[in-house]
Every structure is written in C-alpha cells, then in structure tokens.
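User: Please take a close look at the charged and aromatic side-chain contacts here. Which residues take part, and how exposed are they?

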Amino acid sequence: MKLLQSISGHHKSVSRAIGRRFFAASTEQYAKRNYANNASEYNTVVSSLTSQRKHFLLRDVYDDLVLDGVQPTRDLFHSLIIGTMKGSRLQDAIFFRDEMKATGLLPDVFLYNFLISTCGKCKNSDQAVRIFEEMKKYEVKPNGQTYVGLLNAFAAAGQLDRVYAIVRDMTAAGAGLNKFCYAGLIIAHMNKLPVADDTASKIIEFVERSKGWSSVETSSDNAENVMMGISEEELYNLPTAEYIHRRGGFLMRQLTVYHVAFHACAELRNVEAMETLLEMLKKDEKTPDVFILIQMMRCYLLSGDIDRGQKIFEDYMNSGKPPMIELYVTLVEGAMIGYTPRGMQLAQDTLVNMNSRNFFLSPKLGNDLLLIAAGEKTGGYTTANYIWDLMQARKINVSLPAVEAYYYGLKEREIPEDDPRLLVVSRTYDNFRIRPGGGGGGGGGGGPGRIVAEDAKDGDVKDPSNTT
C-alpha cells in the first residue's frame with residue numbers, strides 16, 4: 001500500500017512538472033534551464049533561493065528534481081521545509097512533508113517543530129494541532145521547543161484558552177516557563193479580539209513574572225536549529241525575529257519579554273502602558289536598545305504624538321551612536337499617518353536626510369513607503385514623488401500595488417498627459433496589466449518589523465522640491 005502511495009505521489013509531481021515545462025529541447029538547452037544535477041546541488045539551490053527570499057520557487061525546484069529522477073534526501077527535505085517556513089508558505093510545507101513521507105522518510109522532531117512554526121506564521125492553529133497529533137501517531141517525542149512553538153502558534157491566532165492549556169500542561173509536567181512562553185502569553189493577549197480592558201495590565205504582569213523564568217529544558221535540543229541558522233525568535237515568530245543577527249546594540253537578547261511587551265503596547269497604541277514598561281526597565285537598570293526605541297516611537301506616532309516620536313529619533317541621532325535606517329523609516333511611516341501637511345513635510349525631510357547619509361531604499365522598503373505615500377489625497381504629492389525618484393535612481397522594481405496606487409494618485413491631480421513622470425508611471429503600470437503575474441520588490445507586512453536596509457555606493461536623487 002505504501003509503495004502504491006509512493007508511486008502515486010511522485011506520479012502527480014512528475015505530471016505537474018511535465019505539464020508546465022513542455023520539454024522539447026536539446027541536452028545542452030536542457031542543462032541551461034535545469035536547476036541542478038544531484039541532491040547535493042539541489043540542496044545548495046534551495047538554500048540560495050531561501051536566502052534570496054524566493055520561496056515561491058521551491059515547488060518548481062522540487063518538480064525539476066523529480067523530473068530528473070534525483071532521489072531527495074532528508075537534508076534536502078529539511079531545507080525545503082525551512083524555506084517554506086521562512087516564506088510563510090504553509091501549503092507548500094505540508095506538500096513537502098507528504099512527499100517526504102511518501103519516500104519512506106519519517107519527519108523528526110525538528111522538522112515537526114518547523115511545521116508548527118509555519119502554522120504559527122500563517123495563524124493556522126488547527127493545522128498546528130493536527131501536526132502535533134501526527135507526532136503522537138508516529139511516536140515522535142516532542143521536546144520543549146515543540147510545546148513553546150505550539151503555544152506561540154495559538155498566541156498568534158489570539159486563542160487564549162489554548163495558550164493557557166499548554167501552560168497548564170507544562171507546569172503540571174514540572175517544566176518552568178521560559179521567556180518565550182511569557183512572550184507568547186503577551187502576544188496572545190495582544191491578538192485576542194475584542195481587546196480586553198485588562199490587556200495592558202496583563203502585559204505588565206507577564207513582564208514582571210518573567211524575571212524569574214527558568215529554562216524549559218537543559219538539553220541541546222536547539223543544536224539542529226543552530227546548524228540550520230534558525231534562532232528561537234524566528235522559530236516562535238517573535239517580532240524581533242528578523243533583527244536577531246543585527247549588531248551595534250540593535251537588539252539585546254536578554255530583553256526578549258520587554259521587546260514583545262513594548263511591541264504590543266505600540267500595536268495597541270497604549271502610551272500609558274508603554275511608559276510604565278519604560279519605568280520598569282529603568283528600575284531593572286537596563287537601557288532601551290534600538291528595537292525598544294523603535295517601538296516607543298511607533299507608540300507615540302500611532303497615537304498622533306509626532307513631537308515625542310520625533311524627539312526619540314533626534315535624541316538617538318545626537319547621542320553619537322551608529323545611525324540605523326529603521327529609525328528613519330519608523331519616523332517616515334509614523335509622520336505620514338493622517339497625511340497632515342506637517343507630517344508629510346517631516347516624512348520628506350527625513351527621507352532627504354536619510355538619503356544624504358547614504359542610507360538607500362531596498363525593494364521592500366521602497367514599495368512599502370511608496371504605497372503609503374501614494375494614499376495622500378491633498379497636498380503637492382512631493383513625498384510620493386520623491387520616493388518614486390529614489391526607487392528609479394536605484395533601479396528598484398516597483399510592485400503592482402505600489403505603482404497602481406501611485407498611478408491613480410497622479411491621475412487625480414492636474415498633470416498634463418504628456419508629463420514625463422506620468423508617462424513613465426503609466427507605462428510601468430500598463431506593463432503589469434498586459435503580462436501575467438506581478439513585479440518584484442515586495443510590499444506587505446506591518447510596522448517596523450517589515451523594514452530592511454541596503455547599503456549603497458551610488459544613486460544621488462534630486463531635491464524633492466523640484467519634482468512634479
């Protein structure tokens with residue numbers, strides 16, 4: 001029966017691959033379009049695509065492998081599922097798990113942990129439960145990270161009852177709660193809808209209680225994660241995940257619970273709770289790192305207090321510490337809230353200052369900012385124009401949502417039909433409409449967690465006051 005299932009599973013993969021590729025090429029031509037020739041090379045390709053955030057190509061790589069008759073290895077399946085986890089592609093992750101089982105390879109605890117993490121990223125806690133039940137079925141023993149991952153998957157969906165059930169099971173088993181458990185409790189309360197009146201007090205309570213946290217387990221269960229370059233912050237989908245390897249005082253890992261708490265206060269726009277946390281941090285004789293400063297800025301800016309948000313930015317820039325592009329971007333995004341004349345001018349001035357100090361837009365950052373700026377209904381539209389110019393100077397691909405919003409924003413203004421800027425934007429937008437699929441660059445995400453930076457060596461941009 002297993003043999004028939006295995007043959008059936010691979011037949012579907014081969015059929016899909018053949019149906020899409022239509023090979024009628026010479027050996028030389030085929031080699032040029034082929035991803036790799038053996039399992040080791042395919043593993044390298046998968047790792048490369050994952051590092052480039054081209055997670056959508058992983059299924060195509062696997063189809064190519066099946067078509068070539070290459071036998072996938074356990075390491076290759078691990079790389080594929082890690083790639084889908086990083087790309088939040090749950091359907092692909094489940095597909096690769098099924099393919100792995102069809103080849104006779106049983107997923108281990110680490111791979112199941114990656115699958116549960118992917119469920120958390122996609123806020124699909126029901127699938128996380130099914131994966132956990134599958135572990136029991138195959139007698140794969142969960143480790144501490146499995147339970148914490150499950151807790152955080154429930155937290156991402158705001159399912160407090162399930163989160164507390166995990167906590168009860170852990171404490172009943174004699175396991176102490178670690179800082180990632182307390183982080184999950186905070187996230188669960190933040191994500192619960194409707195937001196309860198005691199949410200802020202619960203956040204502060206968990207921060208206080210976390211100061212005596214103990215390790216869930218003392219074994220080296222995370223050795224596999226370290227080898228794969230995956231931090232626990234990424235495994236549990238914490239807001240600090242993409243910053244964990246930043247240097248220059250950006251992130252102090254011992255402040256994990258504070259990081260999540262400050263982020264929650266910003267998301268909830270609760271200035272009072274945020275300032276209480278700041279006092280607690282000072283009593284602990286700790287100094288806010290850059291991530292916490294960003295959350296403080298966001299909290300003020302999201303609450304409409306531009307002055308105090310800007311003051312945090314200026315105090316840091318005047319401190320002599322290394323400038324961070326995330327601080328610039330947080331101020332720009334926050335200043336554009338409500339599209340007030342003062343806020344839009346501050347956003348533009350901050351972008352000019354950022355550019356003059358050789359901080360340049362990445363594709364994701366540029367598209368995110370352009371999409372926000374394009375929402376301005378009144379005013380001179382100079383901020384959106386300037387961001388467009390920055391992206392053009394760097395030859396950054398514009399995403400469909402960003403160029404569409406910018407195009408219609410220009411069309412709403414009294415601009416001649418033969419205006420050079422409008423012609424370029426119109427041509428770019430038309431190119432999207434006449435070809436299948438979207439462009440590069442990316443948008444999406446929310447808050448400063450979606451900010452990425454690129455150092456650059458060239459690309460001067462004209463003053464925004466001279467833009468149309």
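Analyst: Residues are called buried under 20% relative accessible area, exposed over 50%, and partly exposed in between, using a 1.4 Å probe and protein chains only. This is a predicted model, in which local features need pLDDT of at least 70 and side-chain atom pairs count only at pLDDT 80 or more, while totals for chains, interfaces and linings use all residues. Numbering starts from 1 along each chain as its sequence is written, and side-chain values use heavy atoms, without hydrogens or water.

Salt bridges come first; the term requires a side-chain nitrogen of Lys or Arg within 4 Å of a carboxyl oxygen of Asp or Glu. The whole structure contains 22 of them. One joins Glu267 to Arg298, at 2.5 Å from N to O. Glu267 belongs to helix 15 (residues 256–268) and Arg298 to helix 17 (residues 290–302), so the bridge ties together parts 31 residues apart in sequence. Helices here are DSSP runs of H or I with at least four residues (strands are E runs of at least two), numbered from the N terminus. Glu267 is partly exposed at 37% relative accessible area, whereas Arg298 is buried at 8%.

Arg342 and Asp307 form another salt bridge, with their closest N and O atoms 2.5 Å apart. This pair links distant parts of the chain, 35 residues apart: Arg342 is in helix 20 (residues 341–356) and Asp307 in helix 18. Arg342 is partly exposed at 47%, and Asp307 is partly exposed at 47%.

Lys411 meets Glu417 in a salt bridge of 3.5 Å, N to O. Lys411 is partly exposed at 38% relative accessibility, but Glu417 is exposed at 57%.

Next, the rings. Rings of Phe, Tyr and Trp (its six-membered ring) pair when their centres lie within 6.5 Å, and planes under 30 degrees apart are stacked, over 60 edge-to-face, the rest tilted. There are 16 aromatic pairs. Phe313 and Tyr328 are edge-to-face because their centres are 5.2 Å apart and their planes stand at 70 degrees. Both residues are buried.

Tyr62, Phe77, Phe95 and Phe96 are linked by ring pairs into a cluster. Arg59 lies over the face of Phe95, 3.7 Å from the ring centre; this label needs NZ of Lys or CZ of Arg within 6 Å of the centre and within 35 degrees of the ring normal. Arg59 and Tyr62 are among the buried residues of helix 4.
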